[in-house]
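Dear colleague,

Please find the structure below, with its sequence. A short account of the findings follows it.

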Amino acid sequence: MSRRPNLQPPSIARHLCLRWSSAIAVCWLAISPAFAQEIGKLYATRPPPGSAFIRVASIGDIKADTRLHINARDLSIVDNDAASRYRAVRADAPVRLSIDGAAVGKNITFLPDRFYTVVVAREGANWSAHAIDEGPGGNASDLKAQLRFFNLMPGCEATLRIAEGPTVFDAVAFTTVKSRAINPVEALLEATCGSSNVSLKLPPLRSGDHYSLFLTQAGGKSVLSGQFDETEPYRDR
């Protein structure tokens with residue numbers, strides 16, 4: 001004889017929703033926030049097949065009120081982050097990047113199904129852009145976390161190591177990235193570039209997480225910052 005399943009409160013709410021369709025609003029309130037979030041992800045608008053995913057980072061200082069645009073749409077960089085979130089764009093059409101209304105370099109075309117960090121830098125009164133190809137993304141193993149290290153410090157090759165431990169990345173050239181899968185751990189990391197040496201405590205990572213580290217300059221000093229890699233919800237444009 002089969003046992004009757006032990007329904008948890010969200011499951012009970014969903015069963016009531018099926019029976020009492022007139023009480024949809026009440027039912028949604030009864031469903032747990034986590035379950036509602038998963039439903040939102042399931043039915044969220046997905047980027048067209050073959051899209052490219054790009055984000056923007058800056059070499060050197062960038063003012064807090066600077067306005068970034070991709071194809072005339074605002075692109076924000078959250079406080080204390082070195083880069084924006086990834087945005088899905090058409091890979092079969094040039095992408096227009098502008099800062100405070102001024103075009104940045106020439107329009108860029110990206111390859112489909114790949115991730116890019118577009119690094120912008122001020123050159124006199126103008127801005128330039130350099131696209132770093134990160135590859136198709138994803139982990140070789142869902143049991144590990146993915147770590148990326150970007151060297152945005154001009155004039156030197158960077159090294160990243162665990163404090164008083166082994167080297168994680170070596171000889172990372174300017175405006176390039178190196179990545180690897182790591183076991184989810186907490187650690188104090190040190191980045192060296194020329195005579196500069198800065199550190200950052202790695203936050204707790206879980207299996208499947210993607211985390212980027214950026215070695216940059218701010219106020220004339222080297223800075224090592226990190227952020228979890230995120231992609232914006234897609235909107236038809």
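A residue is called buried under 20% relative accessible area, exposed over 50% and partly exposed in between, using a 1.4 Å probe and protein chains only. By this criterion Glu134 is buried, since its relative accessible area is 12%. This is a predicted model, in which local features need pLDDT of at least 70 and side-chain atom pairs count only at pLDDT 80 or more, while totals for chains, interfaces and linings use all residues. Residues are numbered from 1 along each chain as its sequence is written, and side-chain values use heavy atoms, with hydrogens and water left out.

Glu134 belongs to strand β8, residues 126–135; strands are DSSP runs (E, at least two residues) numbered from the N terminus. Its side chain makes a polar contact of 2.6 Å with the side chain of Tyr86, and another of 3.3 Å with that of Arg148. A polar contact is a pair of N or O atoms within 3.5 Å; within protein, one must be able to donate a hydrogen and the other to accept it, and residues adjacent in sequence count only if both atoms are side-chain atoms.

An open sheet of 4 strands has antiparallel pairing in the order β11-β10-β13-β14, where two strands pair if DSSP finds at least two bridges between them. Its edge strands, each pairing on one side only, are β11 and β14. Between β10 and β11, which run antiparallel, there are 3 bridges. Leu160 stands opposite Phe169 in β11.

Yours sincerely
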